[in-house]
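Subject: Structure for your review

Dear colleague,

Please find the structure below, followed by an account of what was found in it. I would be grateful if you would read the two side by side.

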Amino acid sequence: MRRTGLTFQQTQDAMHGLRLGADELVPAFRHMSAFVVQAAHGADGAGEAIARLGLNLNTLTSANQYERMEMLADAISHVGDVSARTRLQTQIFGRSGLELN
């Protein structure tokens, strides 16, 4: 999928794994990309969220879009508190993140 930088198979896997439709996937990836850029520039909250998820910012920034999505979605899935998980989903993936529950 050209607008996300993913191959067709990665797009299908992402839609299935995130339980998002094609129309929700592009905004989710845009929001995720902006979130990672914010974290890399030290924006309030973004770096802290990545640290809370137990992820390494350098690893995340050097990964491609699909790998980032996998790392972030996997880390979020291990957050036990539902409200904290929902907050992180929305912070990282935007409104499309609400569909991840």
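A residue is called buried when its relative accessible area is under 20%, exposed when it is over 50%, and partly exposed in between, with a 1.4 Å probe and protein chains only. By that definition Tyr66 is buried, because its relative accessible area is 13%. This is a predicted model, in which local features need pLDDT of at least 70 and side-chain atom pairs count only at pLDDT 80 or more, while totals for chains, interfaces and linings use all residues. Residues are numbered from 1 along each chain as its sequence is written, and side-chain values use heavy atoms, with hydrogens and water left out.

Surroundings of Tyr66

Tyr66 lies in helix H5, residues 65–77; helices (H or I, at least four residues) and strands (E, at least two) are DSSP runs numbered from the N terminus. Leaving aside residues up to four places away in sequence, Tyr66 touches Leu6, Gln10, Asp13, Ala14 and Phe29, where contact means heavy atoms within 4.5 Å. Ser96 is 30 residues from Tyr66 along the chain, and their C-alpha atoms are separated by 16 Å.

Helix H1

Helix H1 spans residues 8–18, and its buried residues are Thr11, Ala14 and Leu18. They lie on the same side of H1, because they cover an arc of only 65 degrees around the axis; the arc is that of the directions from the helix axis to the C-beta atoms. These buried residues pack against H5 and helix H2 (22–40). The face of H1 turned away from the buried side carries the exposed residues Phe8, His16 and Gly17. After H1 comes Arg19, with a positive phi near 55 degrees.

Helix H6

With 12 residues, H6 reaches 16 Å from its first C-alpha to its last, close to the 16 Å expected at 1.5 Å a residue; the expected span is 1.5 Å times one less than the number of residues. Its buried residues are Ala84, Arg85, Leu88, Gln89, Ile92 and Phe93. Their arc around the axis is only 135 degrees, which puts them on the same side of H6. The elements covering them include H2, H3 and H5. Just after H6, Gly94 takes a positive phi of about 75 degrees.

Helix packing

Axes are lines fitted to C-alpha atoms, for helices over the stretch in contact, and angles run from 0 to 180 degrees between N-to-C directions. The axes of H2 and H6 come within 6 Å and cross at roughly 90 degrees. H2 is therefore roughly perpendicular to H6, given that angles under 35 degrees count as roughly parallel, over 145 as roughly antiparallel, 65 to 115 as roughly perpendicular and the rest as oblique. In this pair, Pro27, Ala28, His31, Met32 and Phe35 of H2 meet Thr90, Gln91, Ile92 and Phe93 of H6.

For H1 and H2 the angle is about 95 degrees, with the axes 10 Å apart. Thr11, Ala14, Met15 and Leu18 of H1 make the contact with Ala22, Leu25 and Phe29 of H2.

Nonpolar core

A nonpolar core is a set of buried Ala, Val, Leu, Ile, Met, Phe, Trp, Tyr and Cys residues joined through side-chain atoms within 4.5 Å. The largest has 27 residues, of which Phe29, Leu53, Met69, Leu72, Ile92 and Phe93 touch the most other members. H1, H2, helix H3 (46–52), H5 and helix H6 (82–93) each give two or more residues to this core. H2 gives the most, with 7 residues.

Yours sincerely
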